[in-house]
Amino acid sequence: MLKWLVLLTIVALVSAEMHRIKIHRNRDHKHTRQHRKQAIQALRQKYHQQNDIIYDYGVPIYMQPDYGYDYPSQTSDDYTSEELGNSMNMYYYGLIGIGTPEQLFKVVFDTGSANLWVPSAQCLATDVACQQHSQYNSSASSTFVASGQNFSIQYGTGSVSGYLAMDTVTINGLAILNQTFGEAVSQPGASFTDVAFDGILGMGYQQIAEDFVVPPFYNLYEEGLIDEPVFGFYLARNGSAVEGGQLTLGGTDQNLIAGEMTYTPVTQQGYWQFAVNNITWNGTLISSGCQAIADTGTSLIAVPSAAYIQLNNLIGGVLVAGDYYVPCSTASSLPVLTLNIGGTDFYLPPSVYIQSYTYGNLTTCMSTFTDIGTGFWILGDVFLGQYYSEFDFGQNRVGFASLA
């Protein structure tokens, strides 16, 4: 009898830890490039609004000559896991619930921000982004508490603005009581139109949260819903629409990693910022003694201006309309990019830092390096998708390990 009770308990725990979220992957070339442009636009605004935290920097001015190229415009009782969807390798998101009864939303789990927001049922009929997505209806929730406070967060071509509210937020069965979040009434510009997710759940430090709102992950730990203030990501770069990866809350899924985890301390609490010893390409030094940020809400790799030009020249890139293209015939033979973090070399092969797009019978290859005017590197999903990444609030460190 005892054996059956133990077995039933284990089965219940395992089944409660898993969520697989289906998504649609749009393979249309133009639509994919549109999302790339939106991602760069949002990334630039996202980091420029926090320039007092890290460095001063300016916005680069792009002046592209026309070169005549015809390019087209869970495993353990100590933690829980949330499976992620992967949309065109551009962003990763999972499902959360808000309110009582639950209203479901697809959100990007973003280590580069610290606020939770979703569209509001009070948004205007003319707000295209809002009308395309699920909307939070406060009157339908018995646990809603109004705060009477406005909020505004800068993204891309405009700001997401609305009201702060409090309600129960549920992540993979873990119910956070009285979590403050944003009801977005206005989402101007194109940054959030035609995207598969509804909102964003920030997983950065509270220091960068608008209105200094306590982030959901802080409350997961403070309310005793997880044992350790640690979370980790496995981002499947070529995963299916159903299986885009996994977010682990409260620990590290050892089944997903091979070898030892390399840890490096957070150098400034806000973003997940850390030191990189050096970055090289085929023996050529690109950067040394630089700073980087691990950002799961970013699809590309943002590079300081000098390194951006140097790297794209080394790979034989041609600048067209703000993007560097390379001949697809030579892309696979390019050298790896090596980042030394915490004394360990981490490698990015050309199959990762060159992205191909197919439109009809035409395939083009594009560099994933972009320049948003920062003095530091932003390592988005292009890098993070190659390794398991751990984010440890308790010891203020970031860890990377090879995937099993």
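Cys130 is buried, with a relative accessible area of 0% (buried means under 20% relative accessible area, exposed over 50% and partly exposed in between, with a 1.4 Å probe and protein chains only). Its partner is Cys123: the two residues form a disulfide, with sulfur atoms 2.0 Å apart (a disulfide is a pair of cysteine sulfur atoms within 2.5 Å). Cys123 counts as buried at 9% relative accessibility. The link of Cys123 and Cys130 is left-handed, with -80° about the S-S bond.

The model is predicted: local features need pLDDT of at least 70, side-chain atom pairs count only at pLDDT 80 or more, and totals for chains, interfaces and linings use all residues. Residues are numbered from 1 along each chain as its sequence is written, and side-chain values use heavy atoms, with hydrogens and water left out.

A search of the whole structure finds two disulfides. The other record of this kind joins Cys328 to Cys365, S to S 2.1 Å. This link of Cys328 and Cys365 is right-handed, with 120° about the S-S bond. The pair links distant parts of the chain, 37 residues apart: Cys328 belongs to helix H6 (residues 328–331) and Cys365 to strand E21 (residues 362–367). Helices (H or I, at least four residues) and strands (E, at least two) are DSSP runs, numbered from the N terminus. Cys328 is partly exposed at 33% relative accessibility. Cys365 is buried at 6%. With bonded cysteines counted along the chain, the disulfides follow the pattern 1-2, 3-4. Cys290 is buried too, with a relative accessible area of 11%.

Charged residues come next. The count comes to one salt bridge, where a salt bridge is a side-chain nitrogen of Lys or Arg within 4 Å of a carboxyl oxygen of Asp or Glu. The side chains of Asp392 and Arg397 form this bridge, at 3.2 Å from N to O. Asp392 counts as buried, at 5% relative accessibility.

Asp127 is buried yet has no salt bridge. The nearest side chain of opposite charge is that of Lys106, 18 Å away; Lys and Arg count as positive and Asp and Glu as negative, while His and the chain ends are not counted. Asp127 lies in the loop between strand E4 (116–119) and helix H3 (128–131). A polar atom of the Asp127 side chain lies 3.4 Å from the backbone nitrogen of Ala129. Such a polar contact is a pair of N or O atoms within 3.5 Å; within protein, one must be able to donate a hydrogen and the other to accept it, and residues adjacent in sequence count only if both atoms are side-chain atoms. Leaving aside neighbours within four places in sequence, Asp127 is in contact with Val185, Ser186 and Gln187, where contact means heavy atoms within 4.5 Å.

Trp272 lies in strand E13 (residues 272–281). Trp272 counts as buried at 0% relative accessibility. Its side chain reaches the backbone oxygen of Met203 at 3.0 Å.

Pro229 lies in the loop between helix H4 (216–222) and strand E9 (230–235). At 11% relative accessibility, Pro229 counts as buried. Not counting residues up to four places away in sequence, Pro229 touches Phe217, Tyr221, Phe391, Asp392, Phe393 and Gly394. Pro229 and Asn396 are 167 residues apart in sequence and 9.9 Å apart in space, C-alpha to C-alpha.

In helix H5 (residues 305–314), Ala307, Tyr308, Leu311 and Asn312 are buried. They cover an arc of only 120° around the axis, so they lie on the same side of H5. The arc is that of the directions from the helix axis to the C-beta atoms. Gly316 follows H5, with a positive phi near 80°.

Most residues other than glycine have a negative phi, and most peptide bonds are trans. Asn172 has a positive phi, near 50°. Asn172 lies in the loop between strand E6 (158–171) and strand E7 (174–186) and is buried, with a relative accessible area of 5%. Phi of Asn396 is also positive, near 45°. Asn396 is placed in the loop between strand E24 (387–392) and strand E25 (397–403) and is partly exposed, at 23%. A cis peptide bond joins Thr100 and Pro101, with omega about 0°. Pro101 is in the loop between strand E2 (91–98) and strand E3 (103–110).
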